[in-house]
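Thanks for coming. Please have a look at it first.

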Amino acid sequence: MAKFFTSYNCPSMAVALLLLGFLISSLITTGAQPIGVCYGRVGSNLPPPAQVVALYRSRNIGRMRIYDPNQEVLQALRGSNIELILGVPNPDLQRLASDASAATRWVQTNVRNFFPSVRIKYIAVGNEVSPANNAQYVSFVLPAMRNIYNAIVAAGLQGQIRVSTAIDTRVLGTSYPPSAGAFRGDVRAFIVPIIRFLADNRAPLLVNVYPYFALLDNPNQIKLSYALFTNPGPEFTDPNNKLVYQNLFDAILDSVYGALEKAGGSGLEIVVSESGWPSAANREATVNNARTYNQNLINHVRRGSPKTSGRPIETYIFAMFNENMKNPEFEKNFGLFHPNQQPVYPINF
């Protein structure tokens, strides 16, 4: 200990420690934290991508999800050090599933032309596809994932970029208690082969988790405080494993883990690829509730859920901006920022 303090007084060591401090600060503000924000672009008045990337960086948001490989957005991300979930839109799935050369061209155009100056971390092949939601895409998801993955392997990037898909929690047939979580019977034939693919390739499952919609669907069963992370104490104890739950986000997330275990995916990690709360135009959609939910989400995911035993949960807030071309009306109001880049409410990353 004495030697450390003696060394600290020498100029070279002081410079080294100063540089180390800058490095640690850089890691903290450019992706080391578990929170990202989804950059949706369904709006007619949004700022140009270069300004959006600058806003992410000025707010210390180190991760981004985009829903299509927009070239202007990818160009703006060069050198930003922002980690990225890059989306394949659902209408593109059939082409990529049926033609391996199309997948190769997609990877060349949207991945190889930008990586590593754009820090692409995951490719989300499809969003919220399921037999109950948009059955026309179901047969294309896994073949498209395989073709994109094979193109990533051919590019020598399989250890750096993971190929997955994003689901929503409507695929669950049982969600309470979380340990009893199970996929719906009509979803299993779709989801189980995807789970095997992810396990074989050590990729996470991307899951969109929305306590807000669970509250809307069950207004007489779910308390607002339970959904907003403001419960003063535990809500329930899972009788099967004795894990204690105080908020709805954890209960939903861990019910998906429960379903994965029953479908052969006990080793899979979940990345929460969307979560958020609207600030207007619907029941419980207020600025105060949106701020409370999103700030508490940011603070909470660093600690993990009961099931993840303190492991941080990589999570992406939906969304960066209010988007005026979405419907219904409340869907326009999930943004953290107005299109003029002013915050809808104060939030600390």
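Before any count, we need the rule: rings of Phe, Tyr and Trp, the last by its six-membered ring, pair if their centres lie within 6.5 Å. Keep in mind that this is a predicted model. By that rule, the count comes to 17 aromatic pairs.

Take one of them, Tyr-212 with Trp-277. The two rings are 4.9 Å apart, centre to centre, with 65° between the planes. Planes over 60 degrees apart count as edge-to-face, so this pair is edge-to-face. Where do Tyr-212 and Trp-277 lie? Tyr-212 is in helix H9, residues 211-217, while Trp-277 is in the loop between strand E11 and helix H12, so the pair ties together parts that are 65 residues apart in sequence. Tyr-212 is buried, at a relative accessible area of 0%, and Trp-277 is buried with a value of 0% too.

Trp-277 also pairs with Tyr-293, and this pair is tilted: 5.4 Å centre to centre and 35° between the planes. Tyr-293 sits in helix H12, so here the parts tied together are 16 residues apart in sequence. Tyr-212, Trp-277 and Tyr-293 belong to one aromatic cluster, whose members also include Tyr-67, Phe-249 and Phe-334.

Definitions and conventions. Residues are numbered from 1 along each chain as its sequence is written. This is a predicted model: local features need pLDDT of at least 70, side-chain atom pairs count only at pLDDT 80 or more; totals for chains, interfaces and linings use all residues. Side-chain values use heavy atoms; hydrogens and water are left out. Rings of Phe, Tyr and Trp (its six-membered ring) pair if their centres lie within 6.5 Å; planes under 30 degrees apart count as stacked, over 60 as edge-to-face and the rest as tilted. Helices (H or I, at least four residues) and strands (E, at least two) are DSSP runs, numbered from the N terminus. Buried means under 20% relative accessible area, exposed over 50%, partly exposed in between (1.4 Å probe, protein chains only).
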